[in-house]
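Q: Can you walk me through this one? I have the sequence and the coordinates open.

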Amino acid sequence: MKNINKYITIIGSPKIFSYTVMWLIVLVFIGTVVQKDIGLYAAQMDYFSSWFKWIGFIPLPSGKITMLVMFINLSCYFFRPNIFNKNKLGITITHSGVILMLLGGGLTSYFSSEGSVVIDEGNKSNFYENYYNKEFAVVDTSSPDYDRFVIFDNPLIKVNSILSDKSLPFDIEILDYYVNCKPVSRIYEGGDEFKGMAKNFFLQELPSEKEYEKNISGIIYRLKNSDSFDGIYINYIGQPITQSLTVDEKDYMLLLRRQRTYLPFQLELIDFEKIMHPGTNIAKSFSSLVNLIEENVPRKVLISMNEPLRHRGYTFYQASFIEDGPKQTTVLATVKNHGRLFPYISTIIMSIGILYHMLLMFLRKKKV
Amino acid sequence: MKKLYIFVFILALSCNDDKHIKYYKIPKLKVVNKNQDFKIEDSQLSFTWNVPSNWVIGKESSMRLASYTIAYDNLFADVSVTNFSGDGGGVEQNVNRWRRQLNLEPQSIELIEKDIQNKKSDLGNYKFLKIINPTNEESAFLCSIITVKNSTIFVKLNATASGVDKLENQFLEFCSSFKF
């Protein structure tokens with residue numbers, strides 16, 4: 001027991017907290033400077049969302065591990081004796097606030113997602129597409145009434161990964177994956193092993209865009225165990241020609257697309273309105289009147305540039321629009337963040353703790 | 001307190017979600033077949049068309065009757081077919097909307113009419129127009145406006161300026177194939 005207490009004292013040393021705070025300041029500074037060159041998303045991934053930032057072969061702690069160390073360090077405080085004593089209560093409350101904030105950060109990091117919902121006027125949508133993550137979809141289109149989807153998530157889309165599922169009569173081996181690429185037509189038609197679009201096109205890798213969401217990701221893959229359709233194929237985001245095949249008398253479509261998240265409700269765009277700056281083609285403001293349909297009960301909501309719709313943990317911001325034909329299409333930026341309220345609550349708790357402690361110090365000083 | 005912390009720590013470690021394969025099924029969107037008949041808006045009449053062999057069915061959209069994709073050079077052209085009741089906003093409004101999409105100034109109906117060519121299909125005469133912005137050749141349109149009964153069919157091809165030149169004959173062949 002003595003040993004455990006000794007370790008807790010070492011791990012919970014305030015010095016560790018000071019060093020982690022100083023290191024976080026360094027990371028925030030470097031991250032802010034480099035994001036100008038590598039883009040916001042890449043900087044966030046490199047310096048904050050990863051465990052280590054490798055400088056050559058030297059691993060430096062990134063934001064994630066720094067904050068984990070900070071969390072463990074602060075947690076050790078709660079193993080100390082008499083923390084709920086009147087004199088220590090302020091510090092205990094403040095520690096709780098900081099821990100809650102770090103927990104909120106962890107929740108946001110692991111469970112939040114963001115993307116966009118695109119809806120044509122008069123139509124409904126019940127999903128949003130992630131800006132960054134991709135998924136590989138195998139769609140069985142054989143049924144006249146519905147399409148059956150098998151979705152392989154972003155972590156599975158990597159070189160040498162084999163995508164297989166018992167419901168599919170074929171396997172997919174990923175030969176190459178490009179974060180950003182473009183299709184280029186072949187001068188000579190590809191050999192017999194190249195199938196579909198890969199016969200006439202190949203994917204040329206490009207440097208990643210600064211704005212990560214603008215990347216056109218692509219994969220080169222080999223289809224196995226499908227008999228006549230075995231071969232090498234390509235797929236990229238927004239590929240206009242869908243890769244389709246028939247195996248065991250079933251029709252399939254293969255798609256690489258942005259990761260979709262289905263909502264527990266529907267949004268129907270009733271009317272999209274935009275006001276232009278006089279004499280220009282620049283939008284001054286735009287808004288979407290939508291029906292929020294839940295369990296077949298519609299409710300009208302207006303989403304405008306500064307008034308997002310918040311519902312069941314999702315927030316929909318008016319982000320953009322598309323004009324194609326007489327009807328218009330709205331683009332709503334969508335965020336789901338389980339840790340949204342944590343910063344507010346933890347800041348209030350920390351303020352209460354600090355105020356209590358300061359008041360206590362003031363009264364003590366007055367007594368002396 | 002120690003026990004509580006150890007419990008929370010073990011709970012956090014057990015929260016690893018390894019299920020990276022999802023399954024679901026959703027009702028089919030309207031599927032466009034090459035030989036499908038389409039109802040004219042506000043009418044019992046239906047019409048169809050012939051699709052050039054190198055055109056592929058494009059992205060489905062509820063706004064469009066049909067979409068096609070055409071591969072040319074290293075690029076793809078997008079063709080949309082839409083149908084609206086009445087005049088669908090009229091020639092002047094629609095052409096000027098397309099012009100604005102290409103960052104061109106709107107024109108009067110008299111000037112627009114000068115650029116319009118009249119073509120023929122089994123549905124009747126239709127108006128054909130090519131819109132190119134000489135200062136931005138990355139996007140250009142071939143447009144057809146077909147008036148049938150009390151409704152208007154819009155066909156639009158979006159490609160680069162050189163692309164619309166290359167694909168003009170195929171587009172006209174497609175528009176002329178519209179029939180009852």
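A: What follows goes through the contact between the chains, then a few local spots.

A: This is a predicted model, in which local features need pLDDT of at least 70 and side-chain atom pairs count only at pLDDT 80 or more, while totals for chains, interfaces and linings use all residues. Residues are numbered from 1 along each chain as its sequence is written, chains are lettered from A and ligands numbered from 1 in the order in which they are written, and side-chain values use heavy atoms, with hydrogens and water left out.

Q: How many salt bridges across the interface?

A: The rule finds two between chain B and chain A; it asks for a side-chain nitrogen of Lys or Arg within 4 Å of a carboxyl oxygen of Asp or Glu. Lys22(B) forms a salt bridge with Glu135(A), with the closest N and O atoms 3.8 Å apart.

Q: What does S1(B) pair with in chain A?

A: Strand S5 (residues 146-152) of chain A pairs with S1(B) in the antiparallel sense, over seven bridges. Two strands pair if DSSP finds at least two bridges between them. Within S1(B), Ile21(B) stands opposite Phe152(A).

Q: Different topic. What is the strand order in the open sheet of chain A?

A: The order is S6-S7-S10-S11, four strands with antiparallel pairing. Strand S6 (162-163) and strand S11 (231-236) of chain A are at the edges with a single partner strand each, so one side of each has no neighbour in the sheet. Strand S10 (residues 218-224) of chain A pairs with S11(A) over six bridges, and Arg222(A) stands opposite Ile232(A) there.

Q: Ser116(A), buried or exposed?

A: Buried, because its relative accessibility is 16%. The cut-offs are under 20% relative accessible area for buried, over 50% for exposed, and partly exposed in between (1.4 Å probe, protein chains only). Ser116(A) is in strand S3 (residues 113-120) of chain A, and among the residues it touches are Tyr128(A), Tyr131(A) and Val331(A).

Q: Back to chain B. Which residues of helix H2 are buried?

A: In H2 (residues 91-101) of chain B they are Val91(B), Asn94(B), Val95(B), Asn96(B), Arg97(B), Trp98(B) and Arg99(B). Their cover includes helix H3 (109-115) and strand S8 (124-133) of chain B. After H2(B) comes Asn103(B), with a positive phi near 60°.

Q: Last one: where is Asn50(B)?

A: Asn50(B) is in the loop between strand S3 (46-47) and S4 of chain B, and it is partly exposed at 40% relative accessible area. Asn50(B) touches Phe174(B), Ser177(B) and Lys179(B), not counting residues up to four places away in sequence.

Terms used
Helices (H or I, at least four residues) and strands (E, at least two) are DSSP runs, numbered from the N terminus. Contact means heavy atoms within 4.5 Å.
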